Amino acid sequence: MPPKPLDYESINENVKKAQYAVRGELYLRATELQKEGKKIIFTNVGNPHALGQKPLTFPRQVVALCQAPFLLDDPNVGLLFPADAIARAKQYLSITSGGLGAYSDSRGIPGVRKEVAEFIQRRDGYPSDPELIYLTDGASKAVMQTLNTIIKGEGDGIMVPVPQYPLYSATIALLGGTLVPYYLEETANWGLDTNELRKSITEGRRKGLNVKAMVIINPGNPTGQCLSAENLREVLQFCYDENLVLLGDEVYQTNIYQDERPFISSKKVLMDIGPPLSKEVQLVSFHSVSKGFLGECGQRGGYFEMTNIPPETVDEIYKVASISLSPNVPAQIFMGLMVNPPKPGDISYDQFFRESKGILESLRRRARIMTDGFNSCRNVVCNFTEGAMYSFPQVRLPPKALEAAKQAGKVADVFYCLKLLEATGISTVPGSGFGQKDGVFHLRTTILPAEEEMPAIMDSFKKFNDEFMEQYEDHRGYSRL
């Protein structure tokens, strides 16, 4: 009897190839342990509210009123909600097709897209066209939609930084394309070297690939580095020289924990360069309500902006977006509130400023606590988290640990992270899920656990690591750079 269409051997091979380590073996084992009653600290995913971050008051007030518009008719509404939240809710409801329960334009509510364009113009100092901004169900959907437009088959290559966020490797595999890795340099604080870019694209073309796009993640995930303006200029020149579209993942642009390298958008640097690059380099930029100080991951709100993309292609992207009818409408309101928050003088400004500043200042302190904690551990080295929400320490595993992992049928850093999970309840992601150089091992953890819990978590990690190294160390050498 032939296999049925959804028997494993019959399904799309690209589905089998796509791997997403952030919700992979470690996460599944953590959920099993949680069901058994073990306390689990889920540091495997950048999910701020799940780790105790409180929602900002003003955005939630506005969306609550939009979700329950009958409250606006209550004569006592002014006793529960500030006047500026009431006014914003009325404004948003007036520009929807029938409230939050109605489909919007497939590109997103025009008035919210206009708010996004005004935000980009304030940020970069250059005009932004709302017609070239699409709202999406999180930045992940925006990335998938863009890659779906670019990739025609396995002969199409996409340059992706390694280590990389596995959204890219999984989506490229799912769409039948080929990932072309370029390695970030750990010893230079995960720096991006144009010599490595040239080496990468040459190798891809040597294999017969049509290399079409380059991804940058700025600030980096999982590596936490911030790209300088000079680095971005080099990247844009490279894309111009090699005829690549640049995909700028900028969802962590508010999460900056040092002052030497502030966030600068790819679009601003491109416009600063001027012609011919500013008129010719194709750029798609992504942002999200899931990160920054909002942290509204569950709302699924994002956008992408297209620069120098031909109108005919934009029409095709619109056609594909229209298949899904509409992005999530409540998330579109969150996006409007993220890019157009209360201003000085508004009733809610002081509270909004206090709450958002408090979150970012605490994250800056937590980045330092975690980096220092990892660097105090035996056989662990970690670059400082300049931005984003993660630490990505290298763990120098002794040969006996490598042998034990092999005996267990596990990749060495998966073996280490499973042992860490079982001993401490700390759920991380092994570096092999993001890509890394051969013989070098890492793990990724968020810096999101509550600040008051961070010292105890790092003490727990240190105790486990000491015991692990004591068990497996025989002083014959280590995996390392």
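This is a predicted model: local features need pLDDT of at least 70, side-chain atom pairs count only at pLDDT 80 or more; totals for chains, interfaces and linings use all residues.

Trainee: Let's start with H16, then. Which residue just after H16 takes a positive phi, and of about how many degrees?

Mentor: Helix H16 covers residues 399-407. Just after H16 comes the residue you want, glycine 409, and its positive phi is about 75 degrees.

Trainee: Are the buried residues of H16 on the same side or on opposite sides of the helix?

Mentor: The buried ones in H16 are Pro399, Ala401 and Ala405. Around the axis they cover an arc of only 160 degrees, so they sit on the same side of H16.

Trainee: Now cysteines. How many disulfides does a search of the whole structure find?

Mentor: A disulfide is a covalent bond between the sulfur atoms of two cysteines. To count as one here, the sulfurs have to be within 2.5 Å. Take cysteine 417: its closest cysteine sulfur, in cysteine 382, is 13 Å away, which is too far for a bond. For the whole structure, the search comes back with zero. As for cysteine 297, the nearest cysteine sulfur is that of cysteine 226, at 19 Å.

Trainee: On to the backbone. Which residue does a cis peptide bond join to proline 219?

Mentor: Most peptide bonds are trans. Proline 219 lies in the loop between strand S5 (210-217) and helix H10 (229-242). With omega about -5 degrees, the cis bond there joins proline 219 to asparagine 218.

Trainee: What is omega for the cis bond between asparagine 221 and proline 222?

Mentor: Proline 222 is in the loop between S5 and H10. Its cis bond with asparagine 221 has an omega of about 15 degrees.

Trainee: Is arginine 300 buried, partly exposed or exposed?

Mentor: Most residues other than glycine have a negative phi. Arginine 300 has a positive one, near 60 degrees, and its place is in the loop between strand S7 (283-288) and strand S8 (302-307). Its relative accessible area is 31%, so arginine 300 is partly exposed.

Trainee: What is the relative accessibility of alanine 388?

Mentor: Alanine 388 has a positive phi near 70 degrees. It lies in the loop between strand S9 (380-381) and strand S10 (390-391). Alanine 388 counts as buried because its relative accessibility is 0%.

Trainee: Last one: which strands are the edge strands of the open sheet?

Mentor: Three strands form that sheet, antiparallel, in the order S10-S14-S13. Two bridges join S10 to S14 (residues 443-446), and tyrosine 390 stands opposite threonine 446 in S14. Helix H15 (residues 349-375) packs on the sheet and touches S10 and S14. The strands that pair on one side only are the edges, S10 and S13.

Definitions and conventions: Residues are numbered from 1 along each chain as its sequence is written. Side-chain values use heavy atoms; hydrogens and water are left out. Buried means under 20% relative accessible area, exposed over 50%, partly exposed in between (1.4 Å probe, protein chains only). Helices (H or I, at least four residues) and strands (E, at least two) are DSSP runs, numbered from the N terminus. The arc is that of the directions from the helix axis to the C-beta atoms. Two strands pair if DSSP finds at least two bridges between them. Contact means heavy atoms within 4.5 Å. Axes are lines fitted to C-alpha atoms, for helices over the stretch in contact, and angles run from 0 to 180 degrees between N-to-C directions.
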